[in-house]
Structures are given as C-alpha cells and as structure tokens.
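Please have a look at the structure on the screen before I start walking through it.

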Amino acid sequence: MSKVKYYYDAESLSYKKIQRKKRNTLKYAAVFLLGSALFGFLFVFLASQFVESPKERSLKRELQNAELQFELLNKKMKEAETVLASIAERDNNIYRVYFEANPIPDEQRKAGFGGVNRYKNLEGFDNSKLIIESNKRLDILQKQIVVQSKSLDEIAVLAEEKEKLLAAIPAIQPVRNEDLKRMASGYGMRSDPFTKVRKMHYGMDFSAPRGTPIYASGDGVVERADNTATGYGNHIRINHGYGYESLYAHLYKYNVRKNQKVVRGDLIGFVGSTGRSEAPHLHYEVFKDGERINPINFYYGSLTAEEFNKMLEHASLENQSLD
C-alpha cells in the first residue's frame, strides 16, 4: 500500500492530503523510462567499445588467421618468384644459348594483364588492397609458369634435334688407328700420282691393307653404293642430314646398300684400290651444304688430343696423294 503524503496549510492551520495529478504521474514515468533507455544505450555502447562479444572474438580470430594465411601465401609466392627467376635466367643464358634459340624477353615473361579491371569484385573490403595485390602476384606468377613451361617444351624439342644433329655429324675417323699403315695424304694441294701435277685434293687418304673395315662416321642414310662416279671406283655416299654428307671411295666391297639407315660406327665396307687409285687406301670426303670441307675438323669423336695433333702434322705435308 502506497504511503499517503500530507502538507501543512497555514491558512487553515491544518494538514491536508497531497493530491497527485495523473498528468504529472505520466510525465514522471516518461522521464524515468527515457532516462533508463538513455542509460541502457550508453551502457551498451560503452560495453561494445571495451568488451568483446563471443561472436566478435570469433570474427577477430578468423580475420587474424586470414591475414596470417595471406602473409604465408605471399612468402610462398616470393619463394616461387625467386625460383622461377633462376630458371628463367638459366633458360635464357644457358639452354637457349646452347641450342641457338632466341632468349625470351622480360617484357613477355613478366607481362601483366591489361583491359578490364579483373579485381573489381574484390574491392570494398577492409583488406581489399592486400587481397588484390596477392591475386595480381598470383596471376602474374601463373602466367610466368605457363611461359616457362612452353619454353621448356621448346627446349626439349631443340635438345632432341641437337642430339640428332650431334649423332649425324661425321665425327669419327672412318678407319681405326690400329688398322692404319699411315695417313697417306691430307686435304689441300697435292701432287697427282698419275700426272705429277699439283692439284686440289678434296679429301683424306688413309693407307690400309685391302679388306680393312670402314665405318660410318655419323648417323645417316646410304645415298649411293655403286661404282658409277668417275675416279672413285666402288664408293659409298651417306647423307647425314643437316647439310652433311660423307663419301668413302676405292672400296674393295660394300657392306651396305642404297637407302639403308646406318648409325655412327656401323661397318659399311672394306678398303680396296678400285677406280683411280695407286694402292689400297680409303679416300674420305666430307660435304657441308654441297661444299667439300676438310675432314680433319671432324675427328673429335674418336681421336685423343695427341693422336689428332699427329694426324694434323701428317695431313699438312704436301706429299703425293694416292688417287
């Protein structure tokens, strides 16, 4: 039961009951509620500023984890960029130089992406700058990997071709050293054994007993194995590809036929003295793009440095050729 309040009336010299007006009651109630609401709002505001809710703590942890993951991702991308740069340097300065291919310019390797904004959907977030930069680096890195992958595919093809070229070049002596009597005559001006006139000798003469084995000096296809060319007698001509050909003349007999594939070191025939020949020997010639060249430059595959120097000394003597 609410307390009844009185006030003293001086005129009537008596106490009178205080009559509370309904309007005032409503006003006081409104003020109380408004004050309570303001206090509650202020409390909630201050609490939100200084006290984290469980949901906020969870979101904060997720954000910190996301930032950490982006940091790790950027670190990995930096490592990948370093490795890729090293591969690109070797690609340009070793592989492509060795295989005589043009280096890939940096503008092509590190080109970005022009045109429309590819990252517009990543804008407007708290960490948009970080996200956009990471995506840009990742896209450029992926493009560099594609460029390098295509380059390595090209290098693989070039390597295969280079391997075929190295196998095709006539790079060994067609008669083994242990089978030789001597290196009778080299490439250059020599005295003709029949006319005694000095003329150009376009090959090398290897003096050896009749029947001495003759070997293919490089991979190729037998283009001729006959005796229809003037002066050569029984002879073999091998097309090695890449502009190279080799000729073996004055043979006793063949061990191959026309259109047969041979590899370096295959037995193709035997030393004889057919055609325009003074004694049993092998006359050997090398062609590049249809022009005769000195065969002595192609013996790196079968002679030691000492043997090569000795042969070079004999080949330089202007003696008489055997054909």
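Predicted model: local features only at pLDDT ≥ 70, side-chain atom pairs only at ≥ 80, totals over all residues.

Residues are numbered from 1 along each chain as its sequence is written, and side-chain values use heavy atoms, with hydrogens and water left out.

Let me begin with strand β14, which covers residues 281-288; strands here are DSSP runs of E with at least two residues, numbered from the N terminus. Of the 8 residues in β14, 7 are buried, where buried means under 20% relative accessible area, exposed means over 50%, and partly exposed lies in between, using a 1.4 Å probe and protein chains only.

Which strands pair with β14 in the antiparallel sense? Two strands are said to pair if DSSP finds at least two bridges between them. Strand β6, residues 204-207, pairs with β14 over 4 bridges in the antiparallel sense, and within that pairing M204 stands opposite Y284. Strand β10, residues 244-249, is joined to β14 by 6 bridges, again antiparallel, with Y244 having K288 as its bridge partner. Strand β15, residues 291-293, also runs antiparallel to β14, with 3 bridges between them, and here K288 stands opposite E291. β14 and β15 form a hairpin with 2 residues between them, and D289 in that turn has a positive phi of about 55 degrees.

Moving on from β10, we come to H250, which sits in the loop between β10 and β11. Is H250 buried or exposed? H250 counts as buried, because its relative accessibility is 1%. The side chain of H250 reaches the backbone oxygen of T274 at 2.7 Å, which is a polar contact, that is, a pair of N or O atoms within 3.5 Å where, within protein, one must be able to donate a hydrogen and the other to accept it, and where residues adjacent in sequence count only if both atoms are side-chain atoms.

E223 is partly exposed, because its relative accessible area is 31%. Leaving aside residues up to four places away in sequence, E223 touches R237, I238, N239, E245 and K258, where contact means heavy atoms within 4.5 Å. With N239, the side chains make a polar contact at 3.3 Å. Finally, E223 and N259 are 36 residues apart in sequence, yet their C-alpha atoms are 5.9 Å apart in space.
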